[in-house]
Amino acid sequence: MILGSVTPKRNLRSLLDYRHRTRVEGIVGRFAARFPDIRFDILWTSSTCNAQAFVLDGRKRIRLYGGLARHRRLSVAGIAWVMAHETGHHLGGAPAHPHYFWLSSEERADEWAATGGLRTVFGRSLGRRYATVGRREAMRVARS
């Protein structure tokens, strides 16, 4: 998900909201445990509304920026969807992204997240819920 804009302060949860932070770190931790070949990180203090999959020094990485991680309109389901989508860029396979041939396309990342990634991390029932609710939340944030 490449959004890139700055989240307005009124839409950001506080950096001191430790309950939310613990929940987000738990979700990211579940992805890290399931996919150990990918390095995940969160830039909490950034207000950039973004998450991205990239390769650095030959290693697959996923970064969640604070403007998305702390966005008030994104629940745990939305964070789970974003993490699954970004993981899908690394693991989804063909077709490739038109500009970054080492990553799966946006459409393929979405498909992988909905049909495999969320189920792998959260199980069938919760994975299905996160695919539906989380994707809807992420799309709303992207349009705002």
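The largest cavity holds about 30 Å³ of space, in a model that is predicted. A cavity here is a set of points on a 1 Å grid over the protein atoms alone where a 1.4 Å probe fits but cannot get out, and lining residues have an atom within 4 Å of a point. Grid points are joined across faces, edges and corners, and the volume is the space filled by probe spheres set on the points. The structure has 1 cavity of 30 Å³ or more. Around the largest cavity stand Arg-13, Ser-14, Leu-15, Asp-17, His-20, Arg-21, Trp-44 and Arg-70.

Residues are numbered from 1 along each chain as its sequence is written. Local features need pLDDT of at least 70, side-chain atom pairs count only at pLDDT 80 or more, totals for chains, interfaces and linings use all residues, and side-chain values use heavy atoms, with hydrogens and water left out.

Helix α1 (residues 18–34) packs against helix α4 (residues 106–122) at an angle of about 100°, their axes 9 Å apart. The two helices are therefore roughly perpendicular, a term for angles of 65 to 115 degrees. In this packing, Ile-27, Arg-30, Phe-31 and Arg-34 of α1 meet Leu-118, Thr-120, Val-121 and Phe-122 of α4, where contact means heavy atoms within 4.5 Å.

Phe-40 lies in strand β1 (residues 38–43). With a relative accessible area of 11%, Phe-40 is buried (under 20%, 1.4 Å probe, protein chains only). Leaving aside neighbours within four places in sequence, Phe-40 contacts Val-28, Phe-31, Ala-32, Phe-35, Ile-62, Met-83 and Thr-87. Of these, Met-83 is 43 residues from Phe-40 in sequence and 9.2 Å away in space, C-alpha to C-alpha.

Methods
1 Å grid on protein atoms, 1.4 Å probe; cavity = no way out; pocket = protein on both sides within 12 Å on 5 of 7 lines; lining within 4 Å. Axes fitted to C-alpha atoms, helices over the stretch in contact; angles between N-to-C directions. Helix = DSSP H or I, 4+ residues; strand = E, 2+ residues; numbered from the N terminus. Parallel < 35°, antiparallel > 145°, perpendicular 65-115°, else oblique. Buried < 20%, exposed > 50% of the residue type's maximum accessible area, 1.4 Å probe, protein only.
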